[in-house]
Amino acid sequence: MKTNWLESQPKILPKKYKESNVCVAGEAIKVDISLKNPLQIPISISNVSLICKHSAEYDDTESDANGHLIDYQNNKELRTAVSVSGDFSLETSLFTLSEVDISMRGGETILVQLTVTPKIEGSLKIIGVRWKLSGSVVGVCNFHSDIVRKKVAKGKRKLKQSVKDNLQFLVIKSLPRLEGVIHDLPTTVCAGDLRRLTLELRNPSKISVKNLKMRISHPRFLNVAAQEVKNSEFPSCLEKQASSSQSCSQVDDAKATNSVFVFPETVASSWEAPLRWPLWFRAAASGSISLYITIYYEMEDGSSVITYRTLRMHYNLEVLPSLEVSFQTSRSPSRLQQFLVRMDVINKTASQSFQVHQLSCVGDQWELALLQPIDSVMPLKFLMAGQALSYFFKLKNHRTRGSTEDDISSLATSGRADVSLLDSDSTGLFDASIPPLNLFHHQERVHQERHKQGHGSTVDFILISKSWSDSSAGLPRTTEVLSHHTCHCRIASNSPIWWLMDGPRSVSHDFAAAAFCEINLSMTIYNNSEDAVSVRISTFDSTPSVNPGASGSGDEVGWHHTSNPSEAKVTSPDVTGTRIGKALPTESVSPFIWSGSSSTRVNLEPLTSVEVPLQISVFSPGTFDLSNYSLHWNLVPPSGNEGGRENDSRVSSGTCKGHSYHVTVLQKE
């Protein structure tokens, strides 16, 4: 049974050729021959070549038992080039043979590759191999003389092809055969290296080809560029333009995941001029990488038995470590939907220096800014070999209800999410929303995809750096651009809600005129998930009880009545942040209470916020920590989809403790 790529067209072949292998006139057939020296002395073998027979029609003639081949040259209907022991020519009008000379040690076995190239159509048989021993004695081996012919019982099938079948070929007319090469593809490169390459296809035949398609084994490393970037200057073509549109550039998921590129119909590779097409290359990961490129094409002349062919290219490259980049995000304690970001960069090379150029966020909902002047972070402008640096940023989320997942995964072009790490000037920044950065970022998002856990948004970062290679005397230095993509960084905890307490920090009140003071507060709660959430706010007026002699829980709030100073609890933070001290007296009371209901419930739609009014009553001056409350949340499934969370790994409910919020009440003079 045939298993090669011609299996789809067996019905086109004549019946008597169905069991034949197919080759093309003008293209070499390669055969590996194993030769063994049975003697224990070295020998010299020359003129090793194949013995072949070519005829215009299918033929089953065999050589005789002595290894000599029958000559059919007198038969006009069966034009046959016959090689006879002792009388052989490498050049005939029907095929061309290769030959090799070898020397063998005693008992040695050598594998040699021999070729035969048919010149015209017909039937070709590889019958044996010949050689000369020590330049004088001619030896011949007939591949068919030792085969035991067995009759196949009626109703049974052959399990596999015989040697005879494997060495018999149907020669069809000459066909176009594309030759391809990728120019400037490096063999050794640093991780993250980004460059533009050129694919060149040549057609030595005078028959044109059509319907060209290309498949790339690793789209993370190699991507097809637009034809118009062929004449642009790299890397300046990646810089932001003043006239660029201020909107998100989205990557078509269907096109990005489809690794087959179809050349335009107007493109046809003819023998007159080579086809050149630009490619984008990025060293996505360190290690030994093998790239496989397959190009499919069809013949312009459809009369051939073979209607299409493929060109396969293979490249090996070594990717070395360059920069190691990591991020840590934490929520801002004083601003809603605002985060602090720490970026650590380590130069993992032994001798190369890099210039950290810019940091970009993915998505127009993000706004990124440095927390400190760039000159104080990197005064030398270069990250030397083995050096590590940390950058701190302020990240703000502008996402609102109505934004889609496409808005999140698309790259920002508004400029708010790009920060220069060279100076305060924003000119010269690269545009992360155009190819190739957006194409390779989509591949990285797919490769780094994580199972969704917890609630809230994630953020993607792109760090772009430059490297200058050493220049020869009199030659300018060349710039290399590197991009490092970190995807799906979580910016929220396992809770889908964020909240912020707001109100006065200091209040003056005359307790002689009025026994208590009422202070109005507000709590803003934001639902960061894509599901509706029900939130219940519970407040506690009493101070949690503490066992005598035990360490405090750290949740004590307000002032406490003491009979004398020696009974007062003295608290101090230890190295772990816990509070230790003496036990409170049993008659301690809270100097303030929460007014109104002790439990308030609100419902929030996805990506919305609500403001809840709160109030406390204070009975004495002092500084109070209003953290004695908790928020209980539950995800609300969409109507009609109550059972849809069975396969959801996220937690559907939880409790959050209150954040510290201090209010100082002074006695009015």
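**Salt bridges up close**

Modeller: Let's start with D193, which pairs with R195 in a salt bridge whose closest N and O atoms sit 2.8 Å apart. By salt bridge I mean a side-chain nitrogen of Lys or Arg within 4 Å of a carboxyl oxygen of Asp or Glu. D193 has 2% relative accessibility, so it counts as buried (under 20% relative accessible area; exposed is over 50%, partly exposed in between, with a 1.4 Å probe and protein chains only).

Bear in mind that this is a predicted model: local features need pLDDT of at least 70, side-chain atom pairs count only at pLDDT 80 or more, and totals for chains, interfaces and linings use all residues. Residues are numbered from 1 along each chain as its sequence is written, and side-chain values use heavy atoms, with hydrogens and water left out.

Next up, D431 and K240 meet through their side chains at 4.0 Å, N to O. That pair links distant parts of the chain, 191 residues apart: D431 is in the loop between β24 (418-420) and α5 (437-447), and K240 in the loop between β14 (222-224) and α2 (253-257). Those elements are DSSP runs numbered from the N terminus, helices being H or I with at least four residues and strands E with at least two. D431 is buried at 5% relative accessible area, while K240 is partly exposed at 25%.

Then there's E324 with K348, 3.9 Å between the closest N and O atoms. Here E324 lies in strand β19 (residues 323-331) and K348 in the loop between β20 (338-347) and β21 (354-361), 24 residues apart. E324 is partly exposed at 41%, and K348 is partly exposed at 45%. Elsewhere, shared partners join E27, R177 and R309 into one salt-bridge network. The structure holds 13 salt bridges.
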